[in-house]
Amino acid sequence: RKELHDILYTDNQGSDIIFRRARIKNGQPDKCECTKNNRSNEPDKDIPCDVCGGLGYYYDDILTRTYINHSQAYAIYKKGRHAGDDQVEYRTCYFEWDFIKNALDDGHNIPTRFDRIIQLEKDLKGRILSPTTPREIFDILSVDPYRLDNNGRIEYYRCRIISVIDKSFLV
């Protein structure tokens with residue numbers, strides 16, 4: 001645990017992010033009112049809701065640090081395509097084991113696939129720009145809790161993430 005903390009804070013290799021955490025109710029994300037008032041039970045992607053921003057559920061934002069590295073994986077081939085023709089760039093990020101508990105402590109302390117990661121833009125000195133500006137937005141594909149032994153305590157979480165094209169980035 002100390003080694004990851006040192007990488008994030010002391011060695012200055014961590015990235016400042018906003019961890020957009022879905023509010024969980026009865027094991028599922030707490031749906032926003034914009035999804036309950038239409039026939040499809042889906043948020044409107046063209047005119048996003050002011051509350052949820054088009055995600056379709058309520059969320060809490062946690063300002064934290066993570067270590068993000070880049071990796072590539074071969075995409076699953078489709079009919080008429082060969083394995084390895086396309087590549088998907090996904091990233092892996094590492095979180096301290098207690099970052100959600102320290103911020104909210106509501107009993108749901110594990111990242112889920114409903115959460116989002118927003119990487120923030122920094123100035124030349126490495127400080128977060130004010131007002132905060134998103135640099136890149138990621139969806140979580142999978143979450144792996146890492147332990148040093150079979151039934152030991154969780155040391156950190158590894159999340160595989162993929163970049164999301166956000167309409168606010170389009171010019």
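Colleague: Which residues is Ser15 in contact with, leaving aside its neighbours within four places in sequence?

Modeller: In this predicted model, Ser15 is in contact with Thr64, Arg65, Thr66 and Gln119, once neighbours within four places in sequence are left aside. Ser15 itself has its place in strand β1.

Colleague: Is Ser15 buried or exposed?

Modeller: The cut-off for buried is under 20% relative accessible area. Ser15 has 16%, so Ser15 is buried. Glu33, found in helix α2, has a relative accessible area of 42% and is therefore partly exposed.

Colleague: How far apart are Glu33 and Val51 in sequence and in space?

Modeller: They are separated by 18 residues in sequence, and their C-alpha atoms lie 8.8 Å apart.

Colleague: What does Ile161 touch, not counting residues up to four places away in sequence?

Modeller: Ile161 touches Tyr90, Arg91, Cys93 and Ile117, and also Phe138, Asp139, Ile140 and Leu141, with residues up to four places away in sequence not counted.

Colleague: Let us turn to the rings. How many aromatic pairs does the structure hold?

Modeller: There are 5 aromatic pairs in the structure. To classify a pair, one looks at the angle between the ring planes, and over 60 degrees counts as edge-to-face. For Tyr57 and Phe114 the planes are at 75 degrees and the ring centres 6.5 Å apart, so this pair is edge-to-face.

Colleague: Why does the pair of Tyr57 and Phe114 tie together parts that are 57 residues apart in sequence?

Modeller: It does so because Tyr57 lies in the loop between α2 (33–36) and β4 (59–74), whereas Phe114 lies in the loop between α3 (99–103) and β6 (116–120). Tyr57 is buried, at 11% relative accessible area, while Phe114, at 22% relative accessibility, counts as partly exposed.

Colleague: Which residues do ring pairs link into a cluster?

Modeller: The cluster consists of Tyr67, Tyr94, Tyr146 and Tyr156, linked by ring pairs.

Technical notes:
Residues numbered from 1 in each chain as written. Predicted model: local features only at pLDDT ≥ 70, side-chain atom pairs only at ≥ 80, totals over all residues. Heavy atoms only, no water. Phe/Tyr/Trp six-rings, centres within 6.5 Å; stacked < 30°, edge-to-face > 60°. Helix = DSSP H or I, 4+ residues; strand = E, 2+ residues; numbered from the N terminus. Buried < 20%, exposed > 50% of the residue type's maximum accessible area, 1.4 Å probe, protein only. Contact = heavy atoms within 4.5 Å.
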